[in-house]
Amino acid sequence: MSENAELFKQLIKEIILEAIGELKAEIKSEPDAQQIQPAGRSVAAPNTVRLDKGLLTEKSIIEMTAKHITLIQVGKSVVVTPLAKDMARLKGVSLQRI
């Protein structure tokens, strides 16, 4: 690999790590951002949660499936990672944008 390619690769890595750090700081500054709120109609949909803000990660999906969650209602401001989408598909969890 050429020297320019290595420099480019390192720059991309630094940008990604910085972005991840900023997301983590943002989540920590909003303590309720990671709390999973029951959906408004919990009687009709006991296996549903609603997220209005924050970050939906692969780890979040794994934790929710351990609680038998099958539907996650995702607000417009929620960031859903690609790994979260993959894990939801693998675990049979539906993601619904609201």
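The model is predicted, so local features need pLDDT of at least 70 and side-chain atom pairs count only at pLDDT 80 or more, while totals for chains, interfaces and linings use all residues. Residues are numbered from 1 along each chain as its sequence is written, and side-chain values use heavy atoms, with hydrogens and water left out.

Let's start with the core. A nonpolar core is a set of buried Ala, Val, Leu, Ile, Met, Phe, Trp, Tyr and Cys residues joined through side-chain atoms within 4.5 Å; buried means under 20% relative accessible area, exposed over 50%, and partly exposed in between (1.4 Å probe, protein chains only). The largest one holds 14 residues, and L56, I61, M64 and I72 touch the most other members. Two or more residues each come from strand 2 (48-51), helix 2 (58-66), strand 4 (71-74) and helix 3 (82-91). Helix 3 is the top contributor, with three residues. Helices (H or I, at least four residues) and strands (E, at least two) are DSSP runs, numbered from the N terminus.

Next come the strands, which pair if DSSP finds at least two bridges between them.

| Strands | Sense | Bridges | A bridge pair |
|---|---|---|---|
| strand 2 and strand 4 | parallel | four bridges | R50 and Q73 |
| strand 4 and strand 6 (residues 94-97) | parallel | four bridges | L71 and S94 |

Where does Q73 lie? Q73 belongs to strand 4. Q73 is buried, with a relative accessible area of 17%. The side chains of Q73 and Q96 are joined by a polar contact of 3.2 Å (a pair of N or O atoms within 3.5 Å; within protein, one must be able to donate a hydrogen and the other to accept it, and residues adjacent in sequence count only if both atoms are side-chain atoms).
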